[in-house]
Structures are given as structure tokens and as C-alpha cells.
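Here is a short report on helix packing and nonpolar cores. Keep the model open while reading.

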Amino acid sequence: MNLREFLRLIRIPSLSATVIPLAAGGAAAVKSYGNLNAALWLDMFVAALLMQIAANILNEHGDYVNRVDRSPSHGFAGSIVRGVATPREILGFAIAIDAAALLLAIPLVATRGYPVLLAGLFGALVSIVYSEGPHPLSKTPFGELAVGATMGLVEISAAQFVAAGKVSSFALLLSAPLSLLVASILIANNTRDIEKDRAGGRKTIEVAIGLPLSAFLFYCVVFLSYALLVVLFALTGIRGILLPFTSLPLALLLSLRLERSGWRLGVEYSSAIYLVFGLLLVAGMLA
């Protein structure tokens, strides 16, 4: 497998789902406690990024094994279907990358203790049961909930704990809009794939409610995230929390383009909204 194929396999646009919660957790540590263990935070950042890459690869393997992906389509690498790699090789990539993440986690557990281990095990478990097995989460209506909780609440709290040694109520509040936005990436993905998922026997929320209501759900989740900024500001008094409102025109523009493109670029556009929103939120906290 060449570099281009590998980059397709790891789904680079979706990696914002790890970059933002780790950055937010680090920023929350600075805002709440005035310090940041940069070495430990960076170690966790790389380990979490590797775990998401492994999860993306597992998703490719699981969708093929569960007969969801049998022909090339937008939104997945298609390495197996196109004969670039075998299912066994793809599974091997995922295991090797997860093993590298495990090695990086050793100093984190040694320094911060069992809470980091529990958070890592929870994340690894979700990444496995999401794609693998006879009844993966990706075939149920609970995928968005699992992904939102894991890559929002759990990762932000864990990142702050690694960076500062404790978790503040501020980090928990901060996870609310980011959990919703990371779930919106999966909603956009599943909205695009409604027909394919229905044919593959998946019973996602989007398959159950159909395209018009799935689109409405996406808009509700995205714009509720912006509304929650007002609540966070009222609770914390931190003006920088409102900075992501400057990305609202971009969110509106990309949402309109999603409709026009038939949701083909759902992951790319929703990831862009999440990335800009998250970076502005982090910048606002550190300003």
C-alpha cells in the first residue's frame, strides 16, 4: 500500500474529531489551573490520534466484513473492495497502530494513574464495538451517542486530567457543544449513506427517519452547539467562549452546500465546521 492509499484509509478530514477535544482539554487545563504539562499532553495527543486512525481503519474492515461496503463509493477508502489490501492486512494495520498508541500511553498511566487507563480502555472498546462483531454499534441508532460521548466528554476530560492532574467542572461544560458537533460529523456521514446503509441492513437513526428528517437533525445539532455557547458564557463569564460565533456564516454556507451536493461531502463539510468552531473556542479560552 502506497502513501496515497494509506492517507485515504485514515480519513484525514475526520481527524479533527481528535485534534479539537485534545486541544480543548489542554486549553481548559490552562484556563482552570494556570498550568499545562506539555510533554504529557503531547504524548496523549499523539496516542489519541493513533487510536482514531486505528478506529477509522477498523471501520473500513468492519463495513466490508459486515457486507455494507461491497463497491467503491465516496466517503471510504475502499482499499479492500478495490483489491489494494486484504481484510486481514487492513485488520493488521489497525492492530499495529493501536499497539503503538498503547506504548505511548504507558508514561501517561505511570504518571497520572488508573483514570487514564480507564479512559483509554473505554475509547479502545468503543472503537472496536463500533465497527466489529456481528452487531456493531454502527448498525444501530446509538452510534452518534457513543461517538459524541467518547470524542467529546471523555477525551476533553481525559486531556485536562493528563495536562493538569485533575478535571474541572469547566471542562465538563465545555464538552457539551463539542460533543454535539463531533456527533454531527457522523450524522452527516450517515445521512449521505442512507441508501447504502439500508441495503446493508444497518438501522441507524438516519435510515429510520429518512433524508429530510436526517438533514433537519443535522442542522439542529450544529446550531444547538452555537446556542450552548451563550449558556456557557452565562455560567462562566468567559467572553472568549463566544468567539466561535464568528464561524456561524461558514456553518450556514457549508450547510447549504451539503443540501446542494446531496450530502456527498458530508464528512468534509461537517468536519470543517467542527474544526473552525473548535479552534476558535480554544483561541477564545487562551486569549
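This is a predicted model: local features need pLDDT of at least 70, side-chain atom pairs count only at pLDDT 80 or more; totals for chains, interfaces and linings use all residues.

**Helix H4**

H4 covers residues 87-112, 26 residues in total. From first C-alpha to last it reaches 37 Å, close to the 38 Å expected at 1.5 Å a residue. The helix has a kink of about 35 degrees at alanine 105. Buried residues of H4 include Ile90, Ala94, Ile97, Ala101 and Leu108. Isoleucine 95 also belongs to H4. Its relative accessibility is 53%, so isoleucine 95 counts as exposed.

**Nonpolar cores**

The largest nonpolar core holds 42 residues. Leu178, Phe218, Tyr274 and Leu281 touch the most other members. Helices H2 (16-33), H6 (143-164), H7 (169-192), H9 (205-236), H10 (248-260) and H11 (266-286) each give two or more residues to this core. H7 supplies the largest share, ten residues. A second, separate core has 15 residues, among them Leu40, Phe45, Ala158 and Ala163.

Phenylalanine 218 deserves a look. Leaving out residues up to four places away in sequence, phenylalanine 218 touches Ser184, Ile187, Ala188, Ser255, Leu258, Trp263 and Ser270.

**H9 against H10**

Two packed helices are described by the angle between their axes and the distance between the axes. The axes of H9 and H10 come within 12 Å and cross at roughly 175 degrees. Angles over 145 degrees count as roughly antiparallel, so H9 is roughly antiparallel to H10. On the H9 side, the contact is made by Ala215, Phe218, Tyr219, Phe223 and Tyr226. H10 contributes Leu248, Ala251, Leu252, Ser255, Leu258 and Glu259.

**Leucine 180 in H7**

Is leucine 180 buried, partly exposed or exposed? Leucine 180 sits in helix H7. Its relative accessibility is 22%, so leucine 180 counts as partly exposed. Leucine 180 touches Val221, Leu224, Ser225 and Leu228, not counting residues up to four places away in sequence.

**C-alpha separations**

Two pairs are listed here.

| Pair | Places apart along the chain | C-alpha separation |
|---|---|---|
| Isoleucine 95 and methionine 51 | 44 residues | 9.8 Å |
| Leucine 180 and leucine 145 | 35 residues | 9.0 Å |

Note on methods
Residues are numbered from 1 along each chain as its sequence is written. Side-chain values use heavy atoms; hydrogens and water are left out. A nonpolar core is a set of buried Ala, Val, Leu, Ile, Met, Phe, Trp, Tyr and Cys residues joined through side-chain atoms within 4.5 Å. Buried means under 20% relative accessible area, exposed over 50%, partly exposed in between (1.4 Å probe, protein chains only). Helices (H or I, at least four residues) and strands (E, at least two) are DSSP runs, numbered from the N terminus. Contact means heavy atoms within 4.5 Å. The expected span of a helix is 1.5 Å times one less than its number of residues. The bend at a residue is the angle between axes fitted to the seven residues ending there and the seven starting there. Axes are lines fitted to C-alpha atoms, for helices over the stretch in contact, and angles run from 0 to 180 degrees between N-to-C directions. Angles under 35 degrees count as roughly parallel, over 145 as roughly antiparallel, 65 to 115 as roughly perpendicular and the rest as oblique.
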